[in-house]
Amino acid sequence: QVELVASGGGSVKHGGSLRLSCQITGLTFDDYSVGWFRQAPGKEREGLFCSAWSGATAYYTKSVQGRFTVSRDNAKNTLYLQMMDLKPEDTAMYYCAAGGPRQAGACSNSGHALQYWGKGTLVTISS
């Protein structure tokens, strides 16, 4: 059974930092594309990053570039999202997702090709 557990969310002030983790079990992590998405209240889900199984990383949201960094540790089956200089508009539920195995085109802004999703971790930024 595939399971994605996101953690590390919380409440921080404007300018603060958080590191999200997504522990994935039940699949061969190296063979899967994995990504971070978020959904703010009243808004559609948006893609942040997708780390393809091939090694490439796709970036989708300009507003987080230079502040957020994605990384994956294949030995630990874990995807990370380091977030710095957080802003109130970063407030959202953050989700990780995985698609594969070895699926071409799995990464996209919408995440529609990623078949496994975690329940999310809430990030709240106060001004």
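Predicted model: local features only at pLDDT ≥ 70, side-chain atom pairs only at ≥ 80, totals over all residues.
Before I start, local features here need pLDDT of at least 70 and side-chain atom pairs count only at pLDDT 80 or more, whereas totals for chains, interfaces and linings use all residues. Residues are numbered from 1 along each chain as its sequence is written, and side-chain values use heavy atoms, with hydrogens and water left out.

Let me begin with the aromatic rings, where Phe, Tyr and Trp (its six-membered ring) form a pair if their centres lie within 6.5 Å, with planes under 30 degrees apart called stacked, over 60 edge-to-face and the rest tilted. By this rule there are 3 aromatic pairs. In one of them, the rings of Tyr32 and Tyr116 have centres 6.3 Å apart and planes at 50°, so this pair is tilted. Tyr32 belongs to the loop between strand S3 (18–25) and strand S4 (33–39) while Tyr116 is in strand S10, so the pair ties together parts that are 84 residues apart in sequence; strands here are DSSP runs of E, at least two residues, numbered from the N terminus. As for accessibility, buried means under 20% relative accessible area, exposed over 50% and partly exposed in between, with a 1.4 Å probe and protein chains only. Tyr32 is buried at 9%, whereas Tyr116, at 27%, is partly exposed.

Another pair is that of Phe37 and Trp117, whose ring centres are 4.8 Å apart and whose planes are at 50°, so the pair is again tilted. Phe37 sits in strand S4 and Trp117 in strand S10, which puts them 80 residues apart in the chain. Phe37 is buried, with a relative accessible area of 0%, and Trp117 is partly exposed at 28%.

Finally, the core, meaning buried Ala, Val, Leu, Ile, Met, Phe, Trp, Tyr and Cys residues joined through side-chain atoms within 4.5 Å. The largest nonpolar core has 28 residues, and among those with the most contacts inside it are Trp36, Phe68 and Met83. Strands that each supply at least two residues of this core include S3, S4 and S9. Beyond its neighbours within four places in sequence, Met83 is in contact (heavy atoms within 4.5 Å) with residues including Leu18, Phe68, Tyr94 and Val123.

Key
Helix = DSSP H or I, 4+ residues; strand = E, 2+ residues; numbered from the N terminus.
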